[in-house]
Amino acid sequence: MAESKPGLRKPLFTKVDQLRPGTSGHTLTVKVVSTKMVLQKGRSDGPQSRQMRIAECLVGDETGMIIFTARNDQVDLMKEGSTVILRNAKIDMFKGSMRLAVDKWGRVEVTEPASFSVKEDNNLSLVEYELVNVVVE
């Protein structure tokens with residue numbers, strides 16, 4: 001009896017303007033508009049030197065922009081003007097606004113330059129959300 005393995009699904013690419021708070025599993029192709037280092041601290045006193053780096057990168061596509069939080073090795077890939085594919089990205093909320101992030105279950109890949117230009121007048125990270133509890137009776 002031969003067991004058939006389920007084949008890999010083709011990734012379903014999401015556009016920036018389709019992102020919503022609390023969602024995850026997004027695959028996007030975006031251009032890096034700007035990168036700003038937010039935190040850089042390291043410890044070199046132990047047997048293995050650990051360094052923690054966090055950068056906020058403004059990324060976008062032809063539908064809008066959002067802030068992507070790059071951590072550690074991801075910071076090196078987020079060069080201004082480069083095109084990257086974010087696989088299994090999730091939306092984190094930070095002070096009421098959306099941030100895009102890729103954790104250990106996702107991937108950041110540099111790809112060939114995209115042909116689209118970033119729509120800079122639709123920044124989803126500037127939209128403030130408020131958590132509302134709904135009581136079901």
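Two strands are taken to pair if DSSP finds at least two bridges between them. In this predicted model, strand E3 (residues 64-71) and strand E5 (residues 97-101) meet that description, pairing in the parallel sense over 3 bridges. Strand E3 is largely enclosed by the rest of the structure, because 7 of its 8 residues are buried.

E5 also has a partner in strand E4 (residues 83-94), and here the pairing is antiparallel, over 5 bridges. Aspartate 92 is placed opposite arginine 99 of E5. The hairpin of E4 and E5 has 2 residues between the strands, and lysine 95 in this hairpin adopts a positive phi near 50°.

What, then, of the two faces of E5? In a regular strand, side chains alternate between the two faces of the sheet. For E5, Ser97, Arg99 and Ala101 belong to one side and Met98 and Leu100 to the other, and all of these residues are buried. Both faces are thus covered, in keeping with the count of 5 buried residues out of 5 for this strand.

The C-alpha atom of aspartate 73 is 9.4 Å from that of isoleucine 54, a residue 19 positions away along the chain.

Notes:
Residues numbered from 1 in each chain as written. Predicted model: local features only at pLDDT ≥ 70, side-chain atom pairs only at ≥ 80, totals over all residues. Heavy atoms only, no water. Buried < 20%, exposed > 50% of the residue type's maximum accessible area, 1.4 Å probe, protein only. Helix = DSSP H or I, 4+ residues; strand = E, 2+ residues; numbered from the N terminus.
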